[in-house]
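Have the sequence and the model open beside you.

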Amino acid sequence: MRCTHLPLCALSLLVCGAALAADPPAPSFQKDVRPLLEAKCVRCHGEKVKKADLDLGTLVGVLKGGESGPAVVAGKPDKSPLYEKVHKGEMPPAKKDALTAAEVETLRKWIADGAKMPAGSVGGGITQHDVIPIMLRHCTACHGRHKQEAGLDLRTPAAMLRGGKSGPAIVAGQPAESLVVQRVSAGAMPPPKRLVEACVKPVEKSELETLTKWIAAGAPVVDVQPDVATTTPDTLVTDKDRDFWAFRPPQPVKVPAVRDASRVRNPIDAFVLAKLEAKGLTFSPEADRVTLLRRAYFDLTGLPPEPAEVKAFLEDTSPNAYEKLIDRLLASPRYGERWARYWLDLAGYADSEGKREQDLPRPHAWRYRDYVIRSFNADKPYDRFLMEQLAGDELADYRGAKEITPELYDNLVATGFLRMTPDATWANITGFVPDRIEVMADQIDVLGSAVLGLTMKCARCHSHKFDPIPHRDYYRLVAVFKGALDEYDWLKPEIRPGIGPESVDVAPPRLLSFVTAAERKAWEAQKTAGGKAPEPKIQAMWDRGEPSPTYIYRRGDYLMPGALVGPGVPSVLTDGKTPFEIRPPWPGAKQTGRRLAFAKWVTRPDHPLTARVMVNRLWRHHFGTGIVPTLANFGRTGVPPTHPELLDWLAREFQDPTPQPPPPRGEGEKNPRDPITGKDAREATPTFTPLPSGKGAGGLGSSPWSLKRLHKLIMTSTTYRQSSAINPDAKKLDPANALYSRAPLVRLDAEALYDSLLFVAGKLDETRGGPADAVQVRKDGLVTPAGTAKGWRRLVYVQQTRKQPATHAETFDFPQMNPNCIERRDSTVAPQALHLMNNGMVEQLAGEFAKRVRRDAGGYPARQVEAVYVLALSRAPTAEEKKLGVEALERLADAWEKQLTGEGVRDAAERKALATYCHAVMNSAAFLYVD
């Protein structure tokens, strides 16, 4: 039978074949991509939980990307991080959630097809927040807050529409008619010849395209509120994240009972002894009085005692002789000079800018150094000390004051803490936005390491890999300081070295002239009389109001701005649902009040870290290691505290001192004996009783946040007063002395050694404060401090440059401050011994030491040896040491006599012998170490 329907069949087959040959429709986001993302990814990257600031629950979120940049690159799957992660199986992290091969292919095809947004979709277009960063980077230096050439301000869309003398800068919907597009397209703006002057770079092609698209779309403005903490629980940091010992406020702890209560002088001993007894150990015997004397002097003043002070202490038989000694040392002005140095390390103090090879000077930095010394000597409460450094300019209206009082002056000088990091932005090629951001990043690093005990640097580029510090929180913290430290409203260091073309200041000068009324009056009188002294100024930081908006910089790149954020603090250190409250410092103030709010938050009694970090640091300087060994890292990668209860007890006692009764004695004890004296320990060992307040004088009073009180509490404990001798049990059971079973043996640091050399030689000039003493760079490469008419001042007053420190300081581990120093190296290397043996200044000081000994002891070798020991080692020599010393002087004199000629050879030889002997003592372990 003929098939009369063949043409129809053939046609059907042809149509079917064509349909089969056609490509399947491209995947769509709503139908194909979104379901697989919701099933596998949104749990960690959605509206509620937005890890890495990435929301994969919406097309807008996918296209926007997260803290690492765009999640997809339209048309380029291999360049799209989202595809790369799932293709390699890195995401999702759980194997059970892994995408199938078909799902991965669907995602690839969607991206390859252009990752298109459905027609009618809203929310993914360009807004003013894509354009404002471009204006800030390239235009507002000349058309911004401080300078509005041609009457034009380009900081906001409203100002752009308003325009300047030439008319509106933009015409909504008409990019070709918009002057800003015309000028940028023509290469006229920014002016090529003024790029270095204004510290800006030309507009990139992609940036011009973004600007053009925005104008073409009608210059849309969306109401995007900065991301700040609210009463809604934080989605990036959970309560589980906060459940870590360092992120919880210090809690009340019970002082433990111990078996050998006779060794407990105060609660510190109970906490330490409880750990020792658990290991089968106890405290070492108490150090002898001379050892305690020398230890206390170096710990609190960085200098040995005078012979008369040694004699007075040894002759004082009163029960509280040691406590009185601690009070005297805390009241000494030398205390501030010693302990200020530790804080200056944390602040990154230097008398030069660093960064560039020129290492140009900071002639006014010394005021901050003197402020820190004054604060320690006055026992300024630590919370006030921090408040002044973080927000001194917002504590009182210095501009409206009738007179700059010492308090107002201190408030301003204290903010130099925020100006100590290396800064090369004075220069023509190192003053651009990325250079400024580096200065800001260093300052956040200093703040985190010195005050908070957290590593913040990681969060600049991405959420912290170990601690719950989101990328967002870093930039919230940046926003806190934006009123004073703004990369788009920069105050340049006032340096004019004449090196190459210089950029021109747009903003006001960085230095302030608000010195005290007395200093201002004295300078004006000198100027009237024809004096040429430079105007006294302060290296300070102050809030100027009107900060630029703060955008998260994805991967830390300022060319990749992300979400808009507002000021805030690390969420993990809060409950996650309390707003960061900011108020004007006083009625009518132009200042933002952001740093003042931050300073108040830092010094809250329930702050998890502030008190812990400081008491831990104080403990480290007395015992050689911190209760938390990682001084700047209390986070998850830091070393946990060896004595967590003691740390919390100290932190709470530091903030809010309360009388503590002595721990109960061990049961069944009868007449416990003191291991040193053999007497009844209940008579020999004083109980812990708070003394009357002695603020500013070292007394163990009840002043909150008193560092001097904390010193005395620690130094009067049995824990501190132990001998450094190592017994076999302690060596076996506590080899690293982590349980404090003995006192540490400590080598003098750079300052203590240098100052002690001057001290024993009688050449220490104790003139305090003022500009730093210059250093001299000799032809042989050595850098030595310039002397004074009286000798040399303490090393804390010697000019501290970042790139040419004094040779002595550098040899003995003085830090370079890039940007600061949390804990110095403690090296033992040959150049240290060679320096003490061969350095000309050390040899000169040995000669001066010998002259001092000869003045005190005359020409009698036995008395000379005694004087050397008392001056250098704070003790008399033993009979054997005295015998060996006299013999050494005799042999040295004979040797020198053979080398000398002329009259009075023997007398000259004896003098040189004594100088050589003094030099040898200066090189001895007994001089270099404190036990």
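In helix α18, the buried residues are Y382, F385, L386, M387, E388, Q389, L390 and A391. This is a predicted model, and the questions below set its computed values against the cut-offs.

Q: What makes helix α18 mostly covered?
A: Helix α18 spans residues 382-391, and eight of its ten residues are buried. A residue counts as buried when its relative accessible area is under 20%.

Q: Is D379 buried or exposed, and how do you know?
A: The relative accessible area of D379 is 5%. The cut-off for buried is under 20%, so D379 is buried. D379 is found in the loop between α17 and α18.

Q: Why is R555 called partly exposed?
A: R555 has 47% relative accessibility. Buried would need a value under 20% and exposed a value over 50%, so R555 falls in between and counts as partly exposed. R555 sits in the loop between β1 (550-553) and β2 (561-565), and phi of R555 is also positive, near 60°.

Q: How do you know that S741 is buried?
A: S741 has a relative accessible area of 1%. With the cut-off at under 20%, S741 is therefore buried. S741 belongs to the loop between α28 (728-733) and β3 (746-747).

Q: What makes the pairing of the side chains of S741 and D734 a polar contact?
A: The distance between the two side chains is 2.8 Å. A polar contact calls for a pair of N or O atoms within 3.5 Å, one able to donate a hydrogen and the other to accept it, so the S741 and D734 side chains qualify. Once neighbours within four places in sequence are set aside, the residues in contact with S741 include L276, F283, Q722 and A730.

Q: Why is α32 called oblique to α33?
A: The axes of α32 (residues 840-857) and α33 (residues 861-873) come within 9 Å and cross at roughly 120°. Roughly perpendicular covers 65 to 115 degrees and roughly antiparallel starts over 145, so the angle makes α32 oblique to α33. The crossing is right-handed.

Q: Which residues of α32 and α33 meet?
A: From α32 come F849, R852, V853, R854, D856 and A857, and from α33 come R863, Q864, A867, V868, L871 and A872. These contact residues divide into seven nonpolar, one polar and four charged.

Q: How do α17 and α19 cross, and which residues meet there?
A: Helix α17 (residues 366-377) and helix α19 (residues 406-414) have axes that come within 9 Å and cross at roughly 115°. The crossing is left-handed. R367, Y368, Y371 and R374 in α17 meet Y409, D410, V413 and A414 in α19. Their contact divides into five nonpolar, no polar and three charged residues.

Terms used: Residues numbered from 1 in each chain as written. Predicted model: local features only at pLDDT ≥ 70, side-chain atom pairs only at ≥ 80, totals over all residues. Heavy atoms only, no water. Axes fitted to C-alpha atoms, helices over the stretch in contact; angles between N-to-C directions. Helix = DSSP H or I, 4+ residues; strand = E, 2+ residues; numbered from the N terminus. Parallel < 35°, antiparallel > 145°, perpendicular 65-115°, else oblique. Left-handed = near helix turned anticlockwise from the far one by under 90°. Contact = heavy atoms within 4.5 Å. Nonpolar A, V, L, I, M, F, W, Y, C, P; charged D, E, K, R; others polar. Buried < 20%, exposed > 50% of the residue type's maximum accessible area, 1.4 Å probe, protein only.
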